[in-house]
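Hello,

I am handing over the structure we talked about.

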Amino acid sequence: MRYVGLLSGGKDSCFNLLHCAKSGHQLIAAASLGPGPGKDEIDSYLYQTVGQDAIQLVADALEIPLIRRVITGDAVQRGSEYGSRLAIDGGVQGDETEDLLQLLLEVKTKFPDVQGVSVGAILSNYQRVRVEHVCQRLSLTPLCYLWQRDQAELLTEMIDSGLEAILIKVAGIGLTSKHLGKSLLEMQPTLVKLNSMYGAHICGEGGEYESLTLDLPLFKHRIRLETVETVIHSDNEFATVAYLKVKHARLERKSTYSLATFTVPSPPILDDIDERVHQATLNTTPSLPPSFPITMTTTHRHENTTALPHIGKFGPWVVMSNVESTIPSVSVEEEVRICFVAIQGYLAEYGLDLTHIANITLLISSMELFPAVNAIYASYFGASPPARVCVAVDLPPDIRLRLECIAYNGPRLHERQPLHVQSLSYWAPANIGPYSQAIKVGEHVFVSGQIGLVPSNNSLPSPQSLAQEVALSMRHARSVSNAMRHSSAVHWDGVTLGAIFWLACAHHLVPIRRGVAASETFGSREIPTIFVTVKSLPKDALIETQVLLHSTRQTLANDDDEEEQQSLPRFSSGQLPDLQVCWEASYFDDMDAFLLIVTCMNHDDMCSLTDRLGSITTLQRLMQKTISVRCFLTPAAAPDLRQLLQGLFGLDSELPPVMAIPSRVIATWGREDWDYALCFFG
């Protein structure tokens, strides 16, 4: 695509241009924001402003036009999100982010065919979120290939690629004015040492230093600094704040220049951990075990969802299940609107709105409806929409979509932590719909379903490869989980409470299960896990990985303050062989959080089943704390769900909301032909 490079003149924004070129994108212009006339630098949360006196030289070295604007706004909204969580809006009046909007509007006016924006963000969610917000409003694709890269590896790659940059500002512990003007190569040992001693960011992501690029394989000219002036803001033994002011510089044309000759390394699509999953899947014959049913029907005995509980409030949680339209002969777009009007009404009963939703399960009757459903769905959400899983299932003939929404209104709602990445990168796929990759509310972390896309181009592997999709799908779930752990203000290790692996074809069950087992992150048989074959998945993917995490933290109140405490989870499992029932659970002794999966074969004696399950102390205790139930039902499933749940929870008890999910095949680690499964969440 044709793109504009957001340039600060520093190493990151310039190095990202190399990766854009490697990916086949065409640079047509540069754009930059800086301080007004007479100002060398201003305080900005979003932009690097030092070195702006040399930014024209960088554009000239690239031989591309430069569009510049003055920063007029301030950091008005300083949180982890930008804009409203409701439908995408015009941003925040007076915020410096809106200066970027005006800059890119000018770019689009001068270059109407521009499609992408190069961004040099490595670790800053603050910067990435705001650039992505602006790009979404202008229908531009952010290109952010450095995002979440290991900084030590990245600095080495910059140096090895032929990028030459110097330190133009220092403001971190261990750095002084004597380091100004030194190259990255000269500074690398010092930066690595400061990282090991003090945790300083090797690439300066904590503001430890800023840089100016003097040469790059894309440059047609090299920048020569002739006269510079050192300006010292503050000077002390540990952390001097000083910068170089470029007084005079010139361009020196390179004797040789060839875009085809430059090399820039990129991280492998699969690392060592992912490769083990890939090989385990690849080396397994995709055949079904002898116990697997020879014939499969997709005709379900559809549950009467109107007879099931569909809304409930449990502490800070509000759950709405089986939200669907019963109005015949309406367009699918209108069907989506009807569902969201219902959701808004349910939430309003509890004084909530759409911004309180943390996770949505979206079932549609055909993936052909995906674009139309997404278009209307997106109109209800703005910044950091809920996490989501979307699969196609065998819904009743007159129903085209069914939703489950989990909303949260806890005491620390302001601490809601989203991960909503819309940029192309090597890290994990940009979201292909209006959802966040993950949402943390309270101490629960909902991770959206991850399919096996190649992140740098958001496409499935070509030619199609089951083994590669399995490895990529699980890699993305791991990457998102790790990003959530490290982007929080308080680092947490957390634990996986449970995993659902959605399959598009039952014949892939055996190799997929073998691949999952090879995963260090999600392959433990302690983790409650279920493999569910459905009608189809987004983009015709073969697997979609969905996980639920918990931070393992809890806040204990005392007389004067609050204390953070970490709890260790328990994992347990069991079976009733004579009834052909198995269960797996993850839970805490001192917290309500848990996930319980019960898999069953059909039974004539429902009372015996519920009595036996209810007699298991662990299950009884967990069911009392249930917020919602998902019922996975194969065509062979024949339970009366209401009778079953009343038997488990008690005739006089309020039943939690129940979501019916038509499934073609349900499997666990040890069996492939379960009739139905119940997933209890608390």
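A salt bridge here is a side-chain nitrogen of Lys or Arg within 4 Å of a carboxyl oxygen of Asp or Glu. By that rule, the structure holds 34 salt bridges. Please keep in mind that this is a predicted model.

Salt bridges

Asp215 and Arg222 form one of the salt bridges, at 3.8 Å from N to O. Both of these residues are buried. They also belong to a network of salt bridges that links Glu164, Asp215, Arg222 and Lys254.

Another salt bridge joins the side chains of Asp271 and Arg478, with N and O 3.3 Å apart. Asp271 sits in the loop between strand S9 (241–253) and helix H7 (272–282), while Arg478 sits in helix H10 (residues 466–487), so this pair ties together parts that are 207 residues apart in sequence. Is each partner buried or exposed? Asp271 has a relative accessible area of 31%, so it counts as partly exposed. Arg478 has 13%, which means that it is buried, because buried is defined as under 20%.

Arg612 and Asp578 make a further salt bridge, and their closest N and O atoms are 3.0 Å apart. This pair links distant parts of the chain, 34 residues apart: Arg612 is in helix H12 (residues 606–614), and Asp578 is in the loop between strand S23 (570–576) and strand S24 (581–587). Arg612 is partly exposed, at 31% relative accessible area. Asp578 has 54% relative accessibility and therefore counts as exposed, because the cut-off for exposed is over 50%.

Helix H5

Helix H5 covers residues 151–161. Just after H5 comes Gly162, which has a positive phi of about 100°.

Which residues of H5 are buried? They are Gln151, Leu154, Leu155, Glu157, Met158, Ile159 and Ser161. Their cover includes helix H1 (11–22), H6 and strand S7 (209–215).

A surface patch

Tyr198 lies in helix H6 (residues 184–198). Together with Ile173 and Met197, Tyr198 forms a nonpolar patch on the surface, and the three have about 280 Å² of accessible area together. Tyr198 has 45% relative accessibility, so it counts as partly exposed.

Regards

Technical notes: Residues numbered from 1 in each chain as written. Predicted model: local features only at pLDDT ≥ 70, side-chain atom pairs only at ≥ 80, totals over all residues. Heavy atoms only, no water. Patch = residues over 30% accessible without salt bridge, like charges linked within 9 Å, V, L, I, M, F, W, Y side chains within 5 Å. Areas by Shrake-Rupley, 256 points an atom, 1.4 Å probe, with all protein chains shown as cover. Helix = DSSP H or I, 4+ residues; strand = E, 2+ residues; numbered from the N terminus. Buried < 20%, exposed > 50% of the residue type's maximum accessible area, 1.4 Å probe, protein only. Contact = heavy atoms within 4.5 Å.
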